[in-house]
Structures are given as C-alpha cells and as structure tokens.
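Me: I would like a close look at a single part of this model. Please keep the account plain and connected.

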Amino acid sequence: MASVATSRPVIVLASGSPRRRELLARLGLPHRVEPPSVDESVVPGEDPADAARRLAQLKVRSTPGAWVLAADTVVAVDGRILGKPRDLAENRRFLELLSGRDHWVHTGLALRAPAGTAALVSSTRVRFRKLADWEIAAYAASGEGLDKAGGYGIQEKGMVLVEAVEGDFFTVMGLPVARLWEALARLGYPLAEVWDA
C-alpha cells in the first residue's frame, strides 16, 4: 500500500496560463497559481529565445515563495516575434503569415528552489499547413488564439492548423515538462513521492 506523501512542497506557478496549470496537475505536482504583474514587453532586436528565458526569469524574481516556477512562450517567424494578438484582425494577420510555413516556438522556463535556481529555454519548430481563407477567418473569429503567443493553441481547435512538429510538443503548449522534471530533480524536489500518493 502506498504511503501518503507529506513532504512534497507546493510549487508557486507564476503564470495565469490554464495550459500550464493543467500540465502540472497531470504530473501530480502540488501547486498554487500566483501570476505576477510584470512588463512582458520584448526588447527591440532581442533574440526570441533570449526573450523567452529573460521573461521567465523576471516572473520568478517577481514572485515570492520557496519553490517558484515561471514560463514564457515566444513565437517567431523569420526572426519576427508574434506575441498575443491584440484583436481578431491581428489574429487573422498572424495566421496568414504562418500559413504554409515553418515557425519557432521558444518556451523559457525558470525555477527557484531552496537549493538554487535554474533557467533554460526549449525551442521547437512548427509547420502550419496551407490554410484556406475561410479557415483563417473562422479560427480567428473563434477567439481561441487571443490569449496565446502566435495567435493559436496547438492543444485546442488550433491542432488542425499544424502539419508537423519538430521537437517537444509540450514546449508548444507552454511548458517543456521533461526539462522541468529534470530541473526539479537537480534542485532536490522529492519527485519519488509525486506518484506515490
């Protein structure tokens, strides 16, 4: 009979993303959500991967707690960063730009623990199939992409937009879970107890 784990620290998730909450719950990691109020602007000319890492680190530094996790996802095509669309019209423009092309999704991850810190970035190449005009209009009108970098969500209706993924699928969802697991292990989180409850 498995014993009930009592020493698993609660991780403070410095993010309001429901996708990240869902992934932590699937892993069995106890957590609470405390999104920080930070300026998520990208510095002009900043490398997309560097921006993702920097913003994740900024969120961790801005959030109190012994164990704090933050992530930030940046979508880029031809070096141009596509943030969260401001409105449906911009979402349509993003989808038109991505249609039939490859782009990069960079998710920066930062973790603070009593034993130290970790910061990394995971990058994945995503290819959109060639989208029909009506698909672009309908997906943008759904509003699903408005709260997502690049204007789409690969785990929702947006899954039909994607033709191929080269790299970690969960990076595209916004949390590279294998890299997170490794970072938690390095910093001494009692992972052996996570599934023994």
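Which residue in β3 is the bridge partner of V12? Please go on from there to the rest of the strand and what surrounds it.

Reply: In this predicted model, the bridge partner of V12 in β3 is V68. The pairing belongs to the parallel arrangement of strand β1 (residues 11-13) and β3, which are joined by two bridges.

β3 has two further strand partners. Nine bridges join β3 to β5, and these two strands run antiparallel. β4 is also antiparallel to β3, with three bridges between them. V75 takes part in both pairings: V75 stands opposite V105 in β5 and opposite L82 in β4. β3 and β4 form a hairpin with two residues between the strands, and D78 there has a positive phi near 55°.

As for burial, 10 of the 10 residues of β3 are buried. Both faces are covered, with V68, A70, D72, V74 and A76 on one side and L69, A71, T73, V75 and V77 on the other.

D72 lies in β3, which covers residues 68-77. The UniProt record, an unreviewed entry, places the feature "active site" at D72. D72 counts as buried because its relative accessibility is 6%, and the cut-off for buried is under 20%. Apart from neighbours within four places in sequence, the contacts of D72 are R20, E40, A52, L55, A56, K59, H106, T107 and G108. With K59 there is a polar contact between the two side chains, at 2.8 Å.

The length of α2 (residues 48-61) agrees with expectation, because 14 residues at 1.5 Å a residue should span 20 Å and the end C-alpha atoms are 20 Å apart.

How values were computed:
Residues are numbered from 1 along each chain as its sequence is written. This is a predicted model: local features need pLDDT of at least 70, side-chain atom pairs count only at pLDDT 80 or more; totals for chains, interfaces and linings use all residues. Side-chain values use heavy atoms; hydrogens and water are left out. UniProt positions are given in the numbering used here, feature names are shortened, and annotations may be inferred rather than shown by experiment. Helices (H or I, at least four residues) and strands (E, at least two) are DSSP runs, numbered from the N terminus. Buried means under 20% relative accessible area, exposed over 50%, partly exposed in between (1.4 Å probe, protein chains only). Contact means heavy atoms within 4.5 Å. A polar contact is a pair of N or O atoms within 3.5 Å; within protein, one must be able to donate a hydrogen and the other to accept it, and residues adjacent in sequence count only if both atoms are side-chain atoms. The expected span of a helix is 1.5 Å times one less than its number of residues. Two strands pair if DSSP finds at least two bridges between them.
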